[in-house]
Amino acid sequence: MAGRLLKVSSLATAVLASSGFYLYNRQLDLNDLSVIRFGRAAAATAVISYDYLTAFRQVDYGTEDYWEIKSKVHKRSAERLRDLCCANRGTFIKVGQHLGALDYLLPEEYTSTLKVLHSQAPQSSMEEIQQVIREDLGRELSEIFVSFEEKPQGAASLAQVHKAVLHDGRTVAVKVQHPKVQKQSSKDIMVMEVLLKAVHWLFPNFAFMWLVEEAKKNMPLELDFLNEGRNAEKVADMLAHFPFLKVPVIHWDLSTKRILTMEFAEGGQVNDRDYMQRHGINVNEISENLGMIYSEMIFVHGFVHCDPHPGNVLVRRCPQSQKSEIVLLDHGLYQVLQPDFRMDYCRLWQALINGDMSGVERYSRRLGAGDLYPLFACVLTARSWNAVNTGISAVPVTHAEDVEIRTNAALYLPQISDLLNRVPRQMLLLLKTNDLLRGIETTLQTRASSSSFINMSRCCVRAIARHRRSKAQSRRRRLQITLSESVSLWKLSMYELFLWVKGSVVARWLTALLGFLQ
């Protein structure tokens with residue numbers, strides 16, 4: 001018996017030693033092993049779940065102590081989730097960034113904690129970058145570039161961007177995918193799906209399976225940089241009539257599924273007010289132009305850039321014209337809106353702007369909100385129900401209202417979760433996009449300006465008229481639709497002129513003069 005035990009232990013020692021020698025020679029990072037990544041995710045999920053299950057045993061629901069403890073549990077759980085994302089990297093960071101952008105949908109403890117993931121993305125080594133370029137382009141770095149900066153301009157969850165100079169003297173940005181992301185992403189999504197199902201079993205009100213469904217659909221697209229290049233060209237052509245929009249030109253001969261080479265464009269982040277002040281860039285003009293770009297994408301074309309966080313939206317003075325420009329980067333994640341969905345969405349926003357409550361209910365229900373349409377209207381606009389009833393264009397956003405909305409995100413989390421599972425999948429990325437744009441407007445202090453509502457209304461009018469013309473059977477009917485569209489656009493222009501005159505120096509001078517004469 002002792003001899004057999006000795007043989008078994010000797011064999012086990014030999015296996016462990018040879019395994020260790022193999023891993024050492026391969027220089028394998030333990031973080032690459034699926035069992036390690038799954039174990040880490042399962043442990044974090046178990047700790048977070050246990051915390052929520054046990055934290056409220058000694059307090060009564062709705063008391064001051066209850067809400068204080070709940071806030072602390074949210075904070076602890078968000079920190080554990082952030083640490084998990086940083087440890088597992090790749091897809092986990094991408095999903096964490098997505099959650100961090102949902103300011104008005106998730107408790108503030110989660111969004112504020114997860115926002116740091118935008119600045120804590122991992123970096124690949126220069127050796128790994130050279131290997132990807134060698135494998136995909138079949139050449140050494142020096143054969144393609146005169147210079148290639150080792151320090152990346154920016155690192156994200158899936159890739160990092162380096163500044164380089166081609167042999168013909170052109171400066172380019174080279175986006176290189178992290179080498180391990182492609183292999184790990186499908187397994188990571190499977191892990192998330194298993195763990196989210198387990199959490200949903202423990203907490204039936206927690207219904208965040210839409211998160212996994214979106215990751216399954218979008219991750220393969222985001223990992224295909226050729227798809228990103230095509231999106232960039234499509235949106236540049238689609239919005240070519242906006243002289244203030246810059247989309248970097250793609251160098252197709254130096255691009256593959258894992259490498260995207262494009263024109264290099266410098267600028268400051270769109271939420272950097274100090275940069276704009278130093279360069280004489282008008283903050284209100286930038287905010288209005290960004291709103292025009294997104295209104296056109298959403299309402300008129302239904303082809304929407306869904307990742308407008310500040311690192312992907314730069315502002316600058318155009319080197320040629322010296323006029324203000326918006327540079328739109330990272331075109332991997334787009335949402336294509338179906339025509340019927342887009343028309344209902346247009347009409348819903350028209351109703352919200354005008355305070356048409358029957359229209360708000362009708363089109364919210366058509367978009368899947370059901371009896372939760374009041375919550376849906378508040379989530380979509382990030383406004384209180386009182387402001388929605390009055391018409392969101394007529395009531396300015398106050399700090400108290402903003403605090404109320406953020407507080408309600410925590411109070412109504414189960415209902416919000418239910419709502420997100422009801423609405424069409426197209427709506428989910430739009431809600432994220434809305435929250436990101438609102439975050440930019442809040443930083444720039446241009447939230448809910450009258451010009452943004454006028455621009456949205458214009459795009460809604462144009463989109464609905466175009467859709468109706470496509471369905472019209474006769475030339476006469478198409479002419480009627482065009483005339484009606486022209487009248488509506490003219491009314492909006494007159495209203496815009498009225499607001500400009502009302503707020504101008506001349507108006508203030510006339511008001512003062514009339515007051516003096518009386």
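Biologist: Which helices each supply at least two residues of the lining of the second largest cavity?

Modeller: This is a predicted model, in which local features need pLDDT of at least 70, side-chain atom pairs count only at pLDDT 80 or more, and totals for chains, interfaces and linings use all residues. Residues are numbered from 1 along each chain as its sequence is written, and side-chain values use heavy atoms, without hydrogens and water. A cavity is a set of points on a 1 Å grid over the protein atoms alone where a 1.4 Å probe fits but cannot get out, and lining residues have an atom within 4 Å of a point. With helices taken as DSSP runs (H or I, at least four residues) numbered from the N terminus, the suppliers are α4 (91-100), α9 (209-222) and α19.

Biologist: Which helix gives the most to that lining?

Modeller: The lining of this second largest cavity comprises 18 residues, with K94, H98, E222, L333 and K432 the closest to its centre. Six residues come from the helix that gives the most, α9.

Biologist: What is the volume of the largest cavity?

Modeller: The structure holds two cavities of 30 Å³ or more. A volume is the space filled by probe spheres set on the points, which are joined across faces, edges and corners. The second largest cavity has about 210 Å³; for the largest, the value is about 450 Å³.

Biologist: Which helix gives the most to the lining of the largest cavity?

Modeller: This cavity is lined by 27 residues, and W349, L437, R438, E441 and M456 lie nearest its centre. The helix that gives the most, with nine residues, is α12.

Technical notes
1 Å grid on protein atoms, 1.4 Å probe; cavity = no way out; pocket = protein on both sides within 12 Å on 5 of 7 lines; lining within 4 Å.
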